[in-house]
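Trainee: I would like to learn how to read salt bridges in a model. Where do we start?

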Amino acid sequence: MNIERLTDRGGAGCGPPAYKAVIFDMDGVVTDTAAVHAAAWKALFDEVLPDLTESPVPGFDVEEDYRRYVDGRTREDGVRSFLAARGVALPDGNPGGPPGPRTVHGLAARKQELFAERLAEGGVTVFPGTVALLRRLRADGLLTALVTSSRNSEAVLAAANVSDLFDARVDGSDAVRLSLAGKPDPAMFLEAARRLRVDPARSVIVEDAEAGVRAGARGGFGLVVGVDRTGNRARLLAAGAHLVVEDLAALCYQRVFPSGTRSSTSR
């Protein structure tokens with residue numbers, strides 16, 4: 001596949017097969033909440049790391065550590081991944097238990113508290129290029145879905161006033177209820193395709209996290225678009241993205257979705 005021909009910077013070329021659906025990640029793709037999540041993760045680990053290690057270890061970096069260890073993962077997997085990188089292992093504890101510093105679920109619950117506090121203070125913004133793409137896709141009859149490891153998706157989408165732009169939503173609460181593995185496993189993306197009643201090969205994944213890109217590539221999806229807002233292009237391509245854009249406004253619509261593409265599934 002000629003990557004450059006699928007962006008507005010490239011030359012003319014033959015369009016790909018007609019896609020029927022586009023499945024979007026939320027944080028960093030639809031909503032600009034990645035910075036809020038990163039700040040909440042940093043506050044969490046600044047709070048608990050000194051009590052979990054016998055000697056000082058590097059703290060949580062809101063750019064490098066966020067991308068490498070927590071972005072695109074469930075809260076619990078993010079806790080495990082980052083702490084493992086600092087040589088710390090904790091028992092899982094009880095799902096639904098209170099916030100606390102000595103279990104994976106306790107730390108995940110505390111992170112949720114910190115995120116909710118920051119979300120209430122700052123609200124939610126969306127990326128205009130993504131909203132414009134969503135509206136155009138739906139006007140052309142394509143189906144759209146949202147997949148996110150966050151369990152805050154309903155509240156976040158409502159606060160951003162974009163809930164009506166998705167035909168299906170699979171989030172962290174669904175993952176727990178249905179025992180779906182988190183990204184980089186493709187299970188959540190495949191569940192979204194199932195709900196839309198479309199073949200993954202006729203679907204597009206839009207992701208900004210390496211774990212999410214890997215999930216799309218492993219799931220056999222027809223096209224995986226990486227969104228690079230933080231200088232992460234090389235890693236997204238290495239993870240399996242077919243093309244990478246800095247903003248979805250740069251995506252050449254007619255080359256990815258040839259004119260006349262229509263979903264055969266009614267809403």
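The dialogue below goes from the overall fold to individual charge pairs.

Mentor: Keep in mind that this is a predicted model. Start with the fold.

Trainee: How many helices and strands does the protein have?

Mentor: There are 11 helices and six strands. The radius of gyration is 19 Å, close to the 18 Å that the globule rule gives for 267 residues, so the protein is as compact as a globular protein of that length. Along the principal axes, the C-alpha atoms fill a box of roughly 60 × 35 × 30 Å.

Trainee: What share of the residues is buried?

Mentor: Buried residues make up 54% of the 267. The protein exposes about 11,600 Å², and carbon and sulfur atoms supply 49% of that area.

Trainee: Now the charges. What is the general idea?

Mentor: Side chains of opposite charge can pair when their charged atoms come close. In this protein there are 33 positive and 35 negative charges, and their mean positions are 6 Å apart.

Trainee: How many salt bridges does the count give?

Mentor: The count comes to 21 salt bridges, with 4 Å as the cut-off between nitrogen and carboxyl oxygen.

Trainee: Which parts of the chain does the pair of Arg 151 and Glu 76 link?

Mentor: Their side chains meet in a salt bridge at 2.5 Å, N to O. Arg 151 sits in the loop between β2 (143-147) and α6 (153-160), while Glu 76 belongs to helix α3 (residues 75-85), so the pair links distant parts of the chain, 75 residues apart. Arg 151 is partly exposed, with a relative accessible area of 26%, whereas Glu 76 counts as buried at 9%.

Trainee: Are Glu 207 and Lys 183 buried or exposed?

Mentor: Glu 207 is buried at 0% relative accessibility, and Lys 183 is buried at 3%. Buried means under 20%. The two side chains form a salt bridge of 2.6 Å, N to O. Glu 207 lies in strand β4 (residues 203-207) and Lys 183 in the loop between α7 (172-178) and α8 (187-196), so this pair ties together parts 24 residues apart in sequence.

Trainee: What separates Arg 195 and Glu 191?

Mentor: Both are in helix α8, four residues apart, which means a separation of about one helical turn. Arg 195 is partly exposed at 29%, and Glu 191 is buried at 10%.

Trainee: Which residues are linked in a network of salt bridges?

Mentor: Glu 64, Arg 67, Arg 68, Glu 210, Arg 214 and Arg 235 are linked in such a network.

Technical notes:
Residues are numbered from 1 along each chain as its sequence is written. This is a predicted model: local features need pLDDT of at least 70, side-chain atom pairs count only at pLDDT 80 or more; totals for chains, interfaces and linings use all residues. Side-chain values use heavy atoms; hydrogens and water are left out. Helices (H or I, at least four residues) and strands (E, at least two) are DSSP runs, numbered from the N terminus. Buried means under 20% relative accessible area, exposed over 50%, partly exposed in between (1.4 Å probe, protein chains only). The radius of gyration is taken over C-alpha atoms; the globule rule is 2.2 Å times the number of residues to the power 0.38. Accessible areas come from the Shrake-Rupley method with a 1.4 Å probe; for residues, only the protein chains shown count as cover. Lys and Arg count as positive and Asp and Glu as negative; His and the chain ends are not counted. The place of a charge is taken as NZ of Lys, CZ of Arg, CG of Asp or CD of Glu.
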